[in-house]
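Please inspect the sequence and structure before reading on.

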Amino acid sequence: MPVLELAGKNITFNDEGFMEDHKQWDEAVAREIAAKVGIPELNERHFTVLNYMRKAYEENGTGPSIRALTKQSGIPTKELYELFPKGPAKKAARIAGIPKPQGCI
Amino acid sequence: MTDIFAEPNVLGAEDETLEPVKKVSIVISRGSLEGVYPGLIMANGARMEGIEASIFFTFFGLHAIVKKKMNKLKVATVGNPALCVPDAMGMALPTFLGAIPGMSAFATYMMKKEMEKIDIPPVGEFIEMIHDAGAKLYSCKATVDMFKLKPEDFCPQMDKVLTVGEFYELSAGSQIIFT
């Protein structure tokens with residue numbers, strides 16, 4: 001499994017590029033992953049999404065659906081797609097350090 | 001080292017030169033609940049993956065974007081031999097029972113309840129979500145003329161009425177999916 005050095009830590013990823021252990025995550029790691037997937041700067045709104053996703057994952061063992069994400073984090077669908085262009089669910093999960101989302105919605 | 005963050009990953013593809021899907025044009029032609037949802041789910045799923053998506057609503061599929069109809073779509077309980085009660089693994093529902101008044105409303109209620117559990121929104125909310133996600137929603141001109149529909153009959157998310165020719169023009173580079 002690939003190991004990358006990000007923000008001074010050795011982070012293990014699975015073959016699809018999702019973090020193996022979400023506990024290795026911190027904001028600096030998130031910023032470095034984001035830069036690698038085409039989001040050069042993470043702002044407060046990005047972190048609202050990321051923190052909500054991490055919370056949902058810790059509670060349910062899976063990332064939230066886009067519907068739950070927009071309703072409960074207070075970030076509207078349009079903005080979510082602007083914050084994480086080209087595939088918000090997967091991209092946000094990647095940056096949030098949680099596994100690939102399993103739902104279809 | 002290969003880029004582990006490469007998106008979208010073409011999973012399981014033996015031929016690594018295969019291009020990922022970039023654009024889909026989905027045709028929704030049926031107006032029952034089970035006729036409309038697959039197309040909506042596929043369009044929304046496409047946007048979630050960063051795939052460009054548009055939906056062309058034609059014939060009774062148009063009901064999904066007509067304000068007065070969109071939230072009243074029903075499951076077809078007649079002429080649907082796959083329909084079982086109380087769930088997919090239950091007993092087949094004979095067509096003559098499906099014709100009893102209220103049966104379609106009941107089947108619709110049951111299906112909506114199950115959909116809500118897995119976070120599939122009602123049609124109106126789903127259309128709004130898909131539109132906000134950047135998908136384009138088009139209606140078929142022949143159907144609009146045939147049903148004598150006016151612009152005010154449509155939900156505000158409907159982008160444009162298209163002829164079939166225009167639909168093909170806008171689908172350049174798309175995979176066209178008929179549902």
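At what angle do helix α1 (residues 33–48) of chain B and helix α5 (residues 123–132) of chain B pack, and how many Å apart are their axes? The angle is about 25°, and the axes are 10 Å apart.

## Basis

This is a predicted model, in which local features need pLDDT of at least 70 and side-chain atom pairs count only at pLDDT 80 or more, while totals for chains, interfaces and linings use all residues. Residues are numbered from 1 along each chain as its sequence is written, chains are lettered from A and ligands numbered from 1 in the order in which they are written, and side-chain values use heavy atoms, with hydrogens and water left out.

## Chain B: fold and helix pair

Chain B has seven helices and seven strands; helices (H or I, at least four residues) and strands (E, at least two) are DSSP runs, numbered from the N terminus. Their order along the sequence is β-α-β-α-β-β-α-α-α-β-α-β-α-β. The C-alpha trace of chain B spans about 60 × 40 × 25 Å along its principal axes.

For the angle given at the start, axes are lines fitted to C-alpha atoms, for helices over the stretch in contact, and angles run from 0 to 180 degrees between N-to-C directions. α1(B) and α5(B) are therefore roughly parallel to each other (angles under 35 degrees count as roughly parallel, over 145 as roughly antiparallel, 65 to 115 as roughly perpendicular and the rest as oblique). On the α1(B) side, the contact (heavy atoms within 4.5 Å) involves Leu33(B), Tyr37(B), Leu40(B), Ile41(B), Ala43(B) and Asn44(B). These meet Val123(B), Phe126(B), Ile127(B), Met129(B) and Ile130(B) of α5(B). By class, the residues of this contact are 10 nonpolar, one polar and no charged; Ala, Val, Leu, Ile, Met, Phe, Trp, Tyr, Cys and Pro count as nonpolar, Asp, Glu, Lys and Arg as charged, and the others, Gly among them, as polar.

## Chain A: helix packing

In chain A, helix α2 (residues 44–60) packs against helix α5 (residues 88–96) at about 80°, with the axes 9 Å apart. α2(A) and α5(A) are therefore roughly perpendicular to each other. Val49(A), Leu50(A), Met53(A) and Arg54(A) of α2(A) meet Ala89(A), Ala92(A), Ala93(A), Ile95(A) and Ala96(A) of α5(A). The contact of α2(A) with α5(A) has eight nonpolar, no polar and one charged residues.

The axes of α2(A) and α3(A) cross at roughly 115° and come within 10 Å. Thr48(A), Val49(A), Tyr52(A) and Met53(A) of α2(A) make this contact with Ala68(A), Leu69(A), Gln72(A) and Ser73(A) of α3(A). The residues divide into five nonpolar, three polar and no charged.

## Interface

Between the chains, 23 residues of chain B are in contact with 26 residues of chain A. The buried area is about 2200 Å², with carbon and sulfur atoms giving 60%; buried area is the accessible area (1.4 Å probe) that two parts lose on being put together, summed over both.

Five salt bridges are counted between chain B and chain A (a side-chain nitrogen of Lys or Arg within 4 Å of a carboxyl oxygen of Asp or Glu). Arg67(A) forms a salt bridge with Glu125(B), the closest N and O atoms being 2.9 Å apart. Arg67(A) also meets Glu116(B) in a salt bridge, at 3.2 Å from N to O. Arg67(A) lies in helix α3 (residues 66–73) of chain A and Glu116(B) in helix α4 (residues 103–117) of chain B, so the pair joins two chains.

## Backbone details

A cis peptide bond with omega of about -5° joins Val85(B) and Pro86(B). Pro86(B) is in the loop between β3 (84–85) and β4 (91–92) of chain B. Phe59(B), a residue other than glycine, has a positive phi near 45° and is in the loop between β2 (52–57) and α2 (67–70) of chain B.
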